[in-house]
Amino acid sequence: MIVVTKYSPEELISLRQKFDMSQTEFWNAVNVSQSGGSRYEAGRPVPDQVLILIELIYERNLNLDTATQRAKLKLKNSDWRIKFELII
């Protein structure tokens, strides 16, 4: 179960700086544009689905490229039955 952490704007900026990433790099990893990320860092509420991705990628070190490759492999080998399992 994932508990959605609500980050303050300062915490978002601090997290991004912790990874030494530009806004574009940080926010693109969670499927958000740089301008959208900038708004979140300025105080706009962050949607839960984005917060979940931040938790998975930056707090739990999930590599989405690897997860995506595994999902594609499972799809290819599953006779078109989509089955994606994410164990955290």
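Residues are termed buried at under 20% relative accessible area, exposed at over 50% and partly exposed in between, with a 1.4 Å probe and protein chains only. The structure is a predicted model, in which local features need pLDDT of at least 70 and side-chain atom pairs count only at pLDDT 80 or more, whereas totals for chains, interfaces and linings use all residues. Residues are numbered from 1 along each chain as its sequence is written, and side-chain values use heavy atoms, with hydrogens and water left out.

Helices are DSSP runs (H or I, at least four residues), numbered from the N terminus. Within helix H1 (residues 9-18), the buried residues are Leu-12, Leu-15 and Arg-16. Viewed down the axis of H1, these buried residues fall within an arc of 100 degrees (taken from the directions from the helix axis to the C-beta atoms) and therefore line one face of the helix. Glu-10, Gln-17 and Lys-18, on the other side of H1, are exposed. The cover over the buried residues of H1 includes helices H2 (23-28), H3 (34-41) and H4 (48-59), where contact denotes heavy atoms within 4.5 Å. Asp-20, which follows H1, has a positive phi near 55 degrees.

Rings of Phe, Tyr and Trp (its six-membered ring) pair if their centres lie within 6.5 Å; planes under 30 degrees apart count as stacked, over 60 as edge-to-face and the rest as tilted. Because Phe-19 lies in the loop between H1 and H2 and Tyr-58 in helix H4, the pair ties together parts that are 39 residues apart in sequence. Phe-19 is partly exposed at 30% relative accessibility, while Tyr-58 is buried with a relative accessible area of 5%. Ring pairs link Phe-19, Phe-26, Trp-27, Tyr-40 and Tyr-58 into a cluster.

Notes:
Helix = DSSP H or I, 4+ residues; strand = E, 2+ residues; numbered from the N terminus.
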